[in-house]
Structures are given as structure tokens and as C-alpha cells.
Amino acid sequence: MTNIIKGGSFLVEEVDINRVITPEDFTDEQKMIAKTTEEYVANEVLPVVENLENHEFEHSVRLLKTAGELGLLAADVPEEYEGLELDKISSALIAEKMSVAGGFSITHGAHVGIGSLPIVLFGNHEQKSKYLPKLASGELIAAYALTEPGSGSDALGAKTTAKLNAAGTHYVLNGEKQWITNAGFADVFVVYAKIDGDKFSAFIVERSYPGVSVGPEEKKMGIKSSSTRTLILEDAEVPVENLLGEVGRGHIIAFNILNIGRYKLGVGTVGGSKRAFELAVQYANQRKQFNTPISSFNLTKEKLATMASHIYASESLNYRTVGYFEDRLSQLSAEEQKDGKAIAGAVAEYAIECSIAKVFGSETLDYVADEAVQLHGGYGFMAEYEVERIYRDSRINRIFEGTNEINRMIVPGTFMKKALKGELPLLQVAQNLQSELLMMMPEEVGDEPLAQELYLVKNAKKIAVLAAGAAAQRFGVKLEAEQEVLVNIANIANQLYAMESAVIRTQKAIERDGAEKAAQKLLYTQIFCQEAFAEIEKEAKDTLLASVEGDAGRMTLSALRKLTRNNPYNLITKKREAADKLIEAEKYIV
Amino acid sequence: MNIYVLVKRTFDTEEKIVVSGGKIQEDGAEFIINPYDEYAIEEAIQKRDALGGKVTVVTIGGEDAEKQLRTALAMGADEAVLINTEDDLDELDQYSSAYILAEYLKDKEVDLILAGNVAIDGGSGQVGPRLADLLGINYVTTITSLEIDGTNVKIVRDIEGDSEVLETTLPLLVTAQQGLNEPRYPSLPGIMKAKKKPLEELELDDLDIDEDDVEVKVETVEIYLPPQKAAGRVLDGELQAQVKELVNLLHTEAKVI
């Protein structure tokens with residue numbers, strides 16, 4: 001009997017906290033895998049970061065082979081094809097720990113993620129047997145070629161064409177794929193092209209095929225340790241058996257791989273954020289001005305505590321999302337596990353969560369990296385400081401795997417679709433809310449740990465429904481054009497998912513270890529929830545002002561005021577308390 | 001070849017030591033395999049791969065030490081033994097540890113025992129030699145190279161920065177010094193295999209050891225942190241005057257001459 005957590009249900013329903021995975025639930029084995037990855041990065045990759053940044057990519061190839069020997073490329077490859085078939089948490093932990101390597105983590109991620117996964121999920125037995133063992137060992141290196149000069153966010157607008165040759169043995173591909181990670185040395189490319197100019201399809205293209213070449217190395221702002229080039233296809237001859245999936249069904253592959261790419265990017269940003277934080281707090285302890293370590297200044301403490309509380313929220317929501325995949329995929333039958341479509345269905349279920357993980361993770365990293373540079377002062381602007389590279393490397397995360405703007409649109413768009421299909425009970429919840437708001441009385445919030453935060457989450461859900469409902473009522477099918485409102489709603493969903501994930505994690509920790517041992521987690525949750533709730537209030541107000549006018553507008557705004565009524569803390573003392581622990585530990589701790 | 005490796009669970013080297021109430025606080029601290037023991041494990045695995053046989057890692061401690069044993073299994077050891085003293089003993093010292101290990105090993109067929117040169121926590125370096133003495137076998141400490149040919153053994157050992165070359169025979173106990181090898185980290189396939197490898201748990205009862213036999217002989221009088229390192233000082237002026245001042249400071253301030 002399957003019991004599925006519905007994607008997007010956090011907006012309208014309560015979740016069983018026992019089904020939410022938190023970092024405190026990791027097994028010893030998962031921690032050991034994380035540690036091996038950390039040691040691999042520290043001992044193998046970091047000593048040659050300078051070389052990698054200078055585009056000496058022979059190191060990338062060598063490092064991927066070493067990673068292959070350790071099993072770091074085989075997590076998502078089935079045992080049947082010489083992989084390790086690890087759980088999704090382990091695979092995510094590898095991505096998180098790898099991110100400390102900077103641009104090389106992009107090389108690794110492109111290989112194991114978007115490069116290999118299309119074959120893992122959608123390849124037939126022959127394709128899997130031919131490629132997966134070698135991809136898992138690092139003997140072959142993979143890349144993913146979707147973007148074109150004229151089609152980025154509009155991926156289906158690709159111009160690359162494929163035409164079956166007269167003999168029926170090969171597809172002949174023509175076109176250019178732009179900004180292809182690993183293109184400098186990849187052996188295998190997953191390429192999207194339109195058969196006869198209209199049937200969007202995927203192909204496995206080997207570098208050695210006639211007509212396949214690459215352009216010069218791109219000059220980039222960051223992630224310089226990764227290779228980025230154009231893939232050029234000039235009458236490239238691809239054997240017919242290398243068509244991946246079905247003719248004209250390439251978009252199924254593309255969208256599902258994007259979803260996976262997004263949550264993997266999310267966990268990667270968690271690792272990057274922790275590293276940036278560590279550098280910042282260590283520097284703040286070392287650096288003295290006015291004969292005082294700058295970490296003793298209250299404004300430094302304010303920054304450190306806010307950074308850490310964001311990392312806590314990001315970490316919590318990212319692993320919650322990974323946990324949903326693990327939960328869902330482990331419920332598939334052995335038969336379904338081998339069926340790309342069944343897996344794709346499981347992945348698509350959490351499109352909303354994947355987009356939030358990507359957006360929230362990348363914005364947390366960008367914010368933490370920015371503050372880490374700021375805490376370094378002028379030194380943070382100097383290239384010999386690691387934080388300078390982190391700052392530049394961070395920026396791409398808000399752009400690739402779907403810009404954060406596109407990903408924001410996906411959240412309300414997918415939510416409304418699910419509601420219309422009856423998968424999520426938006427209508428019912430909205431109606432209940434209507435009557436509830438009419439006779440709503442101020443609620444007494446207790447003073448036990450998390451009482452306030454649970455109250456804020458509960459009301460944030462109502463606010464989300466109020467705002468989404470008002471917008472849907474006002475604009476109907478034309479809501480798609482109201483991008484500003486869509487982004488308002490997406491921001492509410494982002495903050496709500498983050499708040500709830502942090503609360504659940506802390507709740508579980510308190511249940512297990514008691515409130516005293518979970519003190520730091522509780523502080524992060526209090527800090528984060530109060531600030532996130534203020535943002536939700538603002539975004540909801542903007543949505544309502546755009547959606548409801550006149551008397552009805554005033555009434556809805558007053559409903560919002562009722563829902564946002566709360567007794568906030570003095571966050572200054574909370575932040576100082578949280579920061580003191582961080583300054584002592586000299587790293588992000590929970 | 002039957003190889004045993006003595007392993008100790010110790011504080012992570014990056015951990016900050018906090019002393020309170022006369023004790024080192026372990027709450028929330030990370031623990032690792034004693035780094036010198038990692039050289040011993042690595043050497044044992046290499047010797048087994050070259051000569052055949054079995055590597056068994058042994059530790060004394062509580063339930064928590066299972067994690068370090070699993071790590072050793074993931075590195076490539078074949079079996080693990082946890083001698084769990086959690087319920088029976090409050091304290092262990094060099095004497096009691098060696099005694100317990102000897103009782104465990106006395107009826108085993110042992111060709112080679114490897115241990116770390118010292119544990120980074122207690123730092124006595126005594127358990128290995130004491131155990132060899134109790135078992136009546138040879139031992140060599142702080143080794144940096146180990147060659148085995150039949151039962152003949154050639155060893156290079158570190159003697160305070162210099163090297164000494166020795167020849168001896170099996171059975172033998174050696175303790176590993178930095179430089180012996182480069183310990184591997186567990187590969188992911190290794191980690192997956194480790195959970196299926198045998199990990200035996202024994203208590204003092206299983207070894208017919210009476211608690212009185214292992215009463216500690218070391219009394220800890222006080223535990224305190226080393227004094228904070230003060231900032232350095234750069235002397236200036238004429239060279240002669242600097243030398244004079246340095247001698248004076250070493251005499252009056254540092255009181256070392």
C-alpha cells in the first residue's frame with residue numbers, strides 16, 4: 001500500500017513530521033560517505049585548485065578517475081550496471097560535501113547528475129550496459145547539452161535538428177549547444193535536437209562521432225575550475241540506437257533531469273554556504289581592529305547569527321526535499337524502479353519543492369557569500385582569499401538549472417495546476433478559511449519552545465491560501481501574465497516551506513534530545529521564522545493590493561492583519577546568544 | 001597470516017578541548033580513529049593484500065566505539081572486535097587495557113599485531129609494549145617501514161628523527177609512526193561492504209576477567225589545559241646586545257637556563 005506525500009501539499013496541509021528527514025536522522029553509513037567525500041576534496045582536489053582555476057583540465061580528468069575509484073561517481077547508478085545504487089540522502093551528501101571544491105564540484109555534478117542520469121533513468125538496457133559501468137568508474141565522462149544561443153529558459157525552442165539518413169542507420173545532427181559544462185574533456189554528451197525540425201528528442205552523442213567538435217573555452221566570472229565550451233554538431237552522425245527515450249518525448253527527459261538538477265544544486269549550495277560561513281567566522285575571530293577581535297562586535301554577531309539561521313533553514317528544507325524523493329522512490333516496486341517513466345512521475349511530483357530548494361539554496365549561498373566577503377573587509381576583495389572565489393563561484397547558481405525567476409514562476413503555476421486537477425484541496429481549504437476568518441478571534445500562544453513558531457507556520461499557510469486564492473479569483477487563467485503577483489506568491493511559498501522545515505527539524509530534535517540540547521536549533525528557528533514571517537506579510541499584502549479592490553480589498557487586508565497578529569521577540573538578544581556559540585565553535589554548528 | 005590491529009577511539013584533532021569539573025567534556029565532540037592507529041590499519045591491509053590472511057581490528061571501550069570499528073572495516077579490515085567495558089569499568093589505564101587485550105589474544109593464533117605509536121589523547125605509548133610483554137612476543141615501536149619475508153621481518157624505526165634498521169621474526173608487535181604509509185579513506189563500496197562484515201562484541205565476563213584484576217593503577221590527580229601561548233617578541237638593537245638580552249630573558253623570565 002503506497003502512501004505518498006503529495007508535492008506542494010505543505011501549502012495547504014499538515015505534514016506528518018516523522019516522515020520528514022532531517023540531518024539528525026542521517027545514518028552512520030551516510031555520515032561515513034559524507035566524510036569520505038570531505039577527505040577526497042581536502043586531500044585530492046583542494047591541493048590543485050589553482051591548477052584547476054587555470055584551466056589545467058588534465059587534473060579534472062584525473063580527479064574524476066580517483067573519484068570513480070572511491071565510488072563517488074556511482075551513487076545513482078544501479079547495481080546491475082556496476083553502480084552502488086545508494087539512497088538519495090547519501091547521493092545528496094556527496095553533492096553537499098563536494099561543493100567545497102568550488103568549480104570542480106560543477107564538473108562532478110554535471111557528470112554524475114545531468115550527464116549520467118538521463119541514461120540511468122531513460123536509457124534502454126543496451127544503452128545502460130554500454131555506458132553506465134564506464135560512467136560510474138570515471139572511464140567515460142559525461143556532459144549535458146540542452147542550452148543554445150537562442151534558447152535558454154525556453155528550452156523547447158531549440159534549433160538543433162536531427163534527420164534520419166537514407167540508409168536508416170544514423171541520425172544526422174546539426175546545430176550548436178552553448179555553455180556545455182565538461183565539454184573540454186567529456187566523452188559522452190546527452191544532446192537534445194528536433195527530429196525533422198519539430199520532434200524534440202534526446203540522443204547520446206559520443207565525442208568521437210564524425211561531425212562532433214567543441215569551441216574554445218569560455219571566459220567566465222566564476223566556477224573557472226570547470227570547463228565550459230560550445231558543442232558544435234555539423235552533420236554529426238549518431239547511430240539510431242543512440243536515440244534516448246522516444247521520438248518527440250525529449251521534453252519529458254529534459255524537465256525531469258532539470259528537477260533532479262535543481263534539488264542537487266540545492267544541497268550543493270548548503271555545503272558552499274557552510275564553507276563560506278566557516279571562513280567568515282574564523283576570520284572574524286582572527287582579525288583585530290581597535291585591539292579587539294571583530295567577532296566581539298555586536299554587528300558582527302548580528303551578521304553571523306542571521307547567516308547561520310538562513311543556512312539552518314536551507315539545510316532543513318533541502319534535506320526534507322531529498323527525503324521526499326527517497327520516500328517516494330523507495331515505494332516504487334522493483335519493476336517500476338527500472339522504468340524511467342515511473343521514476344519521472346516520482347520526480348515530477350516534487351517540482352514545487354525542487355524549485356524552492358534551488359531558489360532558496362542559491363539565494364542563501366549568495367547572501368552568505370556576500371556577508372562573508374563583507375566580514376573580510378578589503379581582504380575579502382583580494383584573490384588570495386578563498387572567500388573571493390566563493391563569491392564569484394556562487395553567482396551562477398541563481399542562473400543555471402532554470403533562472404530563479406523561472407523557478408519562482410513554476411511554484412504557483414504548478415500549484416494552481418495541481419489544485420485544478422484536484423490533487424491538492426485548495427478550493428476546500430480556501431472556503432474553510434473564508435468562514436474561519438469571519439469569526440476569527442486572537443489566539444493565545446503558549447510559551448513552551450516552538451509554540452510561537454508553530455503558530456506562525458500555521459498562519460503562514462492560511463496567508464498563502466488567502467493570497468493565492470485572491471489572485472486566482474481576480475485573474476483566473478490570465479494569472480500567468482501577472483508575473484509580479486506570481487513571484488509574490490512564490491516568495492510566500494519559499495519562506496513558508498523554509499520556516500516549516502526548520503520548525504519540524506527543531507521539533508524532532510527537541511523530542512529526541514530535549515530542549516536544552518536543541519537550544520541552538522531553537523534560536524535559529526526563532527530568528528528565521530520571525531524574519532521570514534515578516535517577508536510573507538509583505539508579499540501577501542502586495543498580492544492582495546493587486547488582486548482585490550474597494551470594500552472587498554479592505555476586508556481582505558484586515559483578514560491579513562488578523563493572520564499576521566503576533567508577539568515578536570527582541571531578536572537582538574537571540575542573535576547575540578546564537579552568535580556566541582558560533583564564534584566559539586568557529587564554524588556553522590547546530 | 002593472522003593480523004590484529006589495536007584501535008582506539010579518540011577526540012577529533014580539530015576538536016576544542018573543554019575541561020570542566022576536572023574532566024574533559026565529551027558532549028557533542030566528534031570522535032575519530034586515533035590517527036596513529038590509522039597507519040597501523042593501513043599497513044595491516046597492505047600486508048594482508050600482499051601475503052594473504054585476515055585483519056582483525058580490536059578496541060576496548062563503549063558502544064560508541066563501534067563507529068570507529070565500522071570505519072576500519074570500511075577501509076578494508078575483515079573482522080572487528082569490541083571489548084565493551086562500559087558497564088563494568090569506570091576507568092581504564094595502560095595496565096588494564098594491556099591486560100584485557102592480552103586475555104583476549106592469549107589463545108589466538110597471532111602472527112602480527114599492529115598498534116599506533118601513541119594515542120593522541122592519553123599519549124602514553126605503553127599499551128602496545130605492555131601487551132607484547134604479557135604475550136611474551138617481540139615488539140618494535142615507532143616503525144616507518146615493515147618488510148616481511150616468511151617469518152623474517154625487516155624494520156626501519158624512527159629514533160627521534162634518525163632511522164634504525166632492525167631484523168626480527170614473527171610473531172611480533174609493532175607500533176606505527178607517521179611516515180609508515182598513507183592511510184586510505186574508506187571507499188563507498190568499502191562502506192557498503194562494512195555493514196555486512198562481522199563485528200563481535202565481548203564483555204569482561206566473556207574473557208573470564210574479574211573486575212578486580214583490571215583495577216587501574218594510575219591515579220589522575222588533576223586535568224588542566226596548557227597555558228595560553230603568549231605573543232612572541234622580536235628583539236632589536238645591536239646583535240651583541242640582542243644576544244645578551246635573550247640570555248637574560250631565558251634566565252630570568254623563561255627560567256630555562
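Okay, quick definition before we start: two strands pair if DSSP finds at least two bridges between them. Strands here are DSSP runs of E with at least two residues, helices are runs of H or I with at least four, and both are numbered from the N terminus.

One caveat: this is a predicted model, where local features need pLDDT of at least 70, side-chain atom pairs count only at pLDDT 80 or more, and totals for chains, interfaces and linings use all residues. Residues are numbered from 1 along each chain as its sequence is written, chains are lettered from A and ligands numbered from 1 in the order in which they are written, and side-chain values use heavy atoms, leaving out hydrogens and water.

So, chain B. Look at β6(B), residues 54-61: seven of its eight residues are buried, meaning under 20% relative accessible area with a 1.4 Å probe, protein chains only. Five bridges pair β6(B) in the parallel sense with β1(B), residues 2-6, and B:Leu6 sits opposite B:Val58 of β6(B). β6(B) also runs parallel to β7(B), residues 79-84, with six bridges between them; there, B:Gly61 has B:Asn84 as its bridge partner.

Now over to chain A. How do α9(A) and α12(A) cross? The axes of α9(A), residues 298-329, and α12(A), residues 351-376, come within 9 Å and cross at roughly 155°. Those axes are lines fitted to C-alpha atoms over the stretch in contact, with angles from 0 to 180 degrees between N-to-C directions. That makes the two helices roughly antiparallel, the word for angles over 145 degrees.

Conventions
Parallel < 35°, antiparallel > 145°, perpendicular 65-115°, else oblique. Buried < 20%, exposed > 50% of the residue type's maximum accessible area, 1.4 Å probe, protein only.
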